[in-house]
Amino acid sequence: MGKIGRFIANVNKYKHDYGFSLSLGLTFDSYLKRDASYASRVTRYLEDRHADLWKNFSDQYKACPPKTSARKTIWVLWWNGEDTMPEIAKRCRRSLHQYHGDYEVVSLSKYNIKEYLDIPAYILEKVQDGRISLPHMADFVRVALLRTYGGIWLDSTVLLTDYVPNEYMDYKFLSRRIAPSSSFSMARGRWSGYYMVANEAHSFLFELLYAFYLQYWKEHDLIITYLLLDYLLDIAYRHYPEVKKMIDAVPLNNTKMKELQERLNDDYDEALWQTICQDTIFHKLTYKKEITNANSFYKVIIGEENRE
């Protein structure tokens with residue numbers, strides 16, 4: 001299939017859920033790399049289609065369960081079970097068990113998720129038949145867990161190189177914070193889904209996000225954009241002063257979280273390793289990168305050499 005065929009197929013794929021005009025516009029923006037135009041279309045759709053939720057949630061929140069102190073728990077998920085994890089994810093899981101400190105670690109999968117969350121049947125059905133991908137199921141699960149229990153969500157491909165600070169639980173909301181870069185991003189350095197902290201169960205933000213996801217997946221079979229969670233956080237940030245205040249209070253932290261991922265196939269350098277780990281304890285890795293260098297950062301990380 002050529003470029004034109006793929007273009008048409010993409011429009012046809014999304015037009016049932018989002019209409020021909022929006023599907024065409026998003027496909028054009030994607031192919032022409034018009035990031036700002038693409039983001040504007042997605043944001044407009046999410047705000048307009050779910051206008052009642054954004055407008056009225058402050059009143060709806062009054063009927064939510066009362067806020068309580070969070071569980072001091074780190075939540076991790078690999079949907080198909082730890083036995084199916086790639087080697088880099090297993091290495092990350094071992095680092096979590098080494099450095100979780102005073103936090104309880106709860107490892108979740110499709111086999112035990114019902115012990116912790118009451119997930120609607122329509123969502124589970126869409127996961128089973130592929131309409132909801134596993135990364136986007138993980139987005140729903142992280143929001144549901146932080147809404148129900150609070151604590152820390154950690155992606156399964158995050159490597160720890162030091163103990164998780166107890167002070168993380170002082171924040172109503174905490175995530176990776178970096179200075180905004182020149183490249184386009186909905187997050188603009190304000191957060192990252194790789195790890196998120198909520199020191200309260202049933203906080204306003206996570207009740208809002210949870211309500212959105214329930215509504216969204218009831219109405220849709222295909223996700224409008226891969227980074228939907230970033231769009232939702234941005235909308236909440238702009239609509240609700242209390243959310244903006246909470247996110248703006250997050251200090252710079254874990255600023256080099258993605259640097260090891262970019263260097264996985266580079267020659268290992270001990271001085272560089274120490275520099276990267278100096279102010280960063282969480283490192284987002286990937287199992288999707290081909291490793292061809294026998295002396296790479298990847299090989300050293302997998303080798304589990306002692307770096308204390």
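**Aromatic pairs in a predicted model**

The structure holds 24 aromatic pairs. This is a predicted model, with local features needing pLDDT of at least 70, side-chain atom pairs counting only at pLDDT 80 or more, and totals for chains, interfaces and linings using all residues. Residues are numbered from 1 along each chain as its sequence is written, and side-chain values use heavy atoms, without hydrogens and water.

Visitor: Is Y18 buried or exposed?

Guide: Buried means under 20% relative accessible area, exposed over 50%, and partly exposed in between (1.4 Å probe, protein chains only). Y18 has 7% relative accessibility, so it counts as buried.

Visitor: Which residues does the cluster of ring pairs link?

Guide: Good one to look up in the structure. Ring pairs join these residues into a cluster: W54, F140, Y210, F212, Y213, Y216 and W217.

Visitor: How far is R147 from the ring centre of Y210?

Guide: A charge sits over a ring if NZ of Lys or CZ of Arg is within 6 Å of the ring centre and within 35 degrees of the ring normal. R147 lies over the face of Y210, and its distance from the ring centre is 4.3 Å.

Notes
Rings of Phe, Tyr and Trp (its six-membered ring) pair if their centres lie within 6.5 Å; planes under 30 degrees apart count as stacked, over 60 as edge-to-face and the rest as tilted.
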